[in-house]
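Please look at the chain that follows before reading on.

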Amino acid sequence: TTFQDGGEEVEEGAVYNVTLKKVQIQQAANKGARWLGGEGDQLPPEHTVRQYETSKIRAIKAGTLEKLVENLLTAFGDADFSYISIFLSTYRAFASTRAVLELLLDRFGNLETSSQGEVANLNSFESEVVLRAEIASVLRAWLDQCSEDFREPPEHTCLLKLLDYLKNNMPNSDMESKVQNLLKQFQNQEAETVDGFCSTSSSDLVDGEELEISNPEEFSSFQDHVVAEQLTYMDVMLFKKVVPYHCLGSIWSQRDKKENKNLAPTVRATITQFNTVTKCVVSTILGTKELKIQQRAKIIEKWIHIAHECRILKNFSSLRAIISALQSNSIYRLKTTWMCVSKDILLMYEELSEIFSDHDNYLTSRELLMKEATSKFANLDSSEKENQKKSQKRLQLQKNKGVMQGTVPYLGTFLTDLIMLDTALQDYVEGGLINFEKRRREFEVIAQIKLLQSSCNSYCLMPDQKFIQWFRSQRHLTEEESYKLSREVEAAADTNVLSPKSQKSMVKRISTLFLGTDVITPPKEQPPKSSPLGGSSGESTDSASVSSCEFNHSETEDVCVTPISSPEDPLKKGSIGSDKGSGSNKCSIFDKGSGSDKCSIFDKASGPDSGPVSDKSSGSMTCSTSKVLPVYNRQNGGVCIIRVSMDGINDSVYKSILITNQDRIPDVTQRALLKHNLEPDAVEDYELVQVISEDKELVFPRDANVFYGMNSHVNFDFILRKKA
């Protein structure tokens with residue numbers, strides 16, 4: 001089979017990509033060929049002729065909403081077999097459930113009006129039957145794949161509309177029964193609040209029960225594999241509930257608006273769980289000041305063992321949460337404590353940390369996740385013989401149980417990829433048509449999330465109420481509290497841990513960890529003056545010094561960002577904590593020139609052409625001719641991505657802005673104000689500044705061209721500051 005580009009077909013309200021598929025067919029040269037040794041259809045090669053059959057595959061590239069909905073009914077005829085799944089997974093980025101349902105049922109599903117031209121040849125009974133079957137197929141896929149779209153408490157308007165349509169057009173069908181059952185299910189769950197998605201919320205405590213500082217003895221009483229299994233149980237329950245379209249960049253990036261405080265609750269719940277684990281790790285290590293150094297080192301060792309058990313269970317979410325906590329500033333600076341950690345366990349910790357190395361855009365973790373996504377058990381390949389023996393022994397115990405393991409991913413990777421796609425690709429193309437090529441690219445990521453959710457059904461874990469109650473009852477330390485306790489535990493141990501140079505390097509790695517999202521970096525004004533790094537992962541001032549997945553103030557919640565650094569191994573100097581992220585900006589998820597075919601899940605060969613790029617929020621139809629998607633810290637084909645923070649207002653929060661070589665200061669300033677949810681009319685009151693170094697800034701004149709005026713040899717980090 002060979003494929004050939006057939007160009008484009010343009011209709012009113014739609015543009016299609018055409019691909020010609022040529023398939024080779026073998027036939028006998030003549031009817032008497034069987035007398036020459038052929039048995040049935042098995043004929044010698046010399047007595048056959050080669051014939052080819054060519055078919056046309058038509059895939060919609062852009063169109064109006066009406067055309068995109070109509071294409072749901074014709075996609076199979078055009079051999080675009082994945083279209084329905086792609087549309088249902090991504091349409092919430094450009095339309096509502098009500099709008100799509102009304103078009104599908106009222107315009108195309110009403111047989112009396114359809115014959116007026118929306119769908120051709122509907123005058124015959126056969127065409128009506130075909131149309132009815134096509135609509136039923138779409139509705140069935142919608143209910144199977146995206147039933148959450150119809151959850152609209154308390155009225156459930158769309159579901160009632162669908163039920164009414166089925167009663168009139170498909171009475172007593174299986175689908176009618178399915179919709180009725182779904183409606184009853186939603187009505188029974190109306191009492192659930194948004195917080196109900198998070199099973200690890202401290203609000204679940206019994207009345208009168210108070211949060212408590214961790215008791216080391218109680219924590220030590222839980223076996224390592226039990227803790228890992230319970231963390232995995234909670235992660236699985238939350239990840240399976242994640243609604244994939246909540247992860248779309250255009251939806252997730254709007255979460256910090258006041259009116260969207262309940263937006264994407266399933267994603268927020270997963271992030272809350274991640275933060276709860278990191279804060280639990282910190283509180284168990286620092287919560288009791290009376291512990292001796294050796295006892296504190298034993299707790300660190302226990303968490304490393306738990307992280308290893310999570311690795312065996314293929315739980316990359318809690319694994320990363322634990323590693324992030326151990327790399328946080330309050331734990332990282334406990335140099336004396338880390339010196340008491342055994343060499344073998346330090347080596348295990350180093351190997352686990354390497355999984356999340358930011359080298360080549362987290363190539364290691366991406367490859368590992370895809371490798372183990374559908375495997376029955378973890379593929380452990382430890383470089384240390386002693387650790388390998390222990391790993392294989394634990395893995396064998398898992399295999400002996402005969403139960404397959406699923407895979408729980410670190411969701412932040414997918415959130416980053418989707419936000420980067422949303423920033424880089426335009427929503428509309430020339431003529432105001434919806435850019436459906438962008439949705440095809442987004443579906444590549446959504447499909448991975450769905451695959452992993454399906455794999456989680458393989459887990460067979462039961463809750464341990466004693467551990468879950470202990471886990472929920474832990475009092476989480478704020479950043480100031482954890483750092484203060486860390487200083488009390490080892491008062492002067494950190495005087496030389498982080499030099500100003502290494503601190504700057506760490507901040508750079510934190511800020512580049514999530515290039516495509518609203519990046520969080522450590523605040524400039526650090527609450528503890530003596531702290532070498534006020535926020536190891538850029539949290540707000542009232543959250544623990546761990547990963548910044550979520551803040552106590554939900555308006556500034558962000559995806560997880562963790563520092564890639566760790567305490568120096570006294571037994572293997574430089575092996576842990578060395579800077580492996582210095583070249584992290586050289587390869588992004590959109591980098592086509594890095595020399596690594598594996599570093600990009602959006603490699604040009606794996607998906608459709610991205611087409612021209614322009615700023616999706618400006619409404620401009622001026623497009624770049626570059627076929628390379630823009631990336632942060634690099635100017636490509638007249639476009640690039642910069643990050644802009646607001647001086648004095650959440651100045652640790654960056655927003656990604658796509659700019660072209662045509663954009664001047666007023667355009668970029670207005671876009672940045674919109675991204676930060678501020679009034680765009682106040683452009684004249686602000687000035688745009690590029691951060692060159694700690695003591696140098698580049699201030700742009702009022703009408704300067706940002707693309708050509710910026711310093712391209714430093715990070716593309718900008719500050720929007722009110723004029724004096």
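Does Ser318 count as buried or exposed, and at what relative accessibility? Ser318 counts as buried because its relative accessibility is 1%, where buried means under 20% relative accessible area, exposed over 50% and partly exposed in between, with a 1.4 Å probe and protein chains only. This serine lies in helix α13, residues 316-326, and, leaving aside neighbours within four places in sequence, Ser318 is in contact with Leu231, Asp235, Val277 and Cys310, contact meaning heavy atoms within 4.5 Å.

The structure is a predicted model, in which local features need pLDDT of at least 70 and side-chain atom pairs count only at pLDDT 80 or more, while totals for chains, interfaces and linings use all residues. Residues are numbered from 1 along each chain as its sequence is written, and side-chain values use heavy atoms, with hydrogens and water left out.

**The chain as a whole**

The secondary structure comes to 25 helices and ten strands; these are DSSP runs numbered from the N terminus, with helices being H or I of at least four residues and strands being E of at least two. Of the 724 residues of the chain, 54% count as buried. Among contacts with a separation of 6 or more, 70% are accounted for by residues 24 or more positions apart. The chain exposes about 32,400 Å², of which carbon and sulfur atoms supply 48%, the areas coming from the Shrake-Rupley method with a 1.4 Å probe, and for residues only the protein chains shown count as cover.

**Two helix pairs**

Two packed helices are described by the angle between their axes and the distance between the axes. Here the axes are lines fitted to C-alpha atoms, for helices over the stretch in contact, and angles run from 0 to 180 degrees between N-to-C directions.

| Helix pair | Angle | Axis distance |
|---|---|---|
| α12 (residues 293-312) and α16 (residues 343-354) | about 45 degrees | 10 Å |
| α3 (residues 97-108) and α6 (residues 157-169) | about 10 degrees | 10 Å |

The angle makes α3 roughly parallel to α6, whereas α12 and α16 are oblique to each other; angles under 35 degrees count as roughly parallel, over 145 as roughly antiparallel, 65 to 115 as roughly perpendicular and the rest as oblique. The contact of α3 with α6 involves, among others, Leu101 and Leu105 of α3 and Leu162 and Tyr165 of α6. That of α12 with α16 includes Ile304 and Ala307 of α12 and Met348 and Leu352 of α16.

**Single residues**

Leu673 is found in helix α24, residues 665-675, and counts as buried at 0% relative accessibility. Not counting residues up to four places away in sequence, Leu673 touches several residues, including Met646, Pro680, Tyr686 and Leu720. Leu673 and Leu720 are 47 residues apart in sequence and 8.5 Å apart in space, C-alpha to C-alpha.

Some loop residues also deserve a look. Lys314, in the loop between α12 and α13, has a positive phi of about 60 degrees although it is not a glycine, and Lys314 is buried, with a relative accessible area of 0%. Asn172, in the loop between α6 and α7 (174-188), has a phi near 60 degrees, a positive value in a residue other than glycine, but Asn172 is exposed, with a relative accessible area of 74%.
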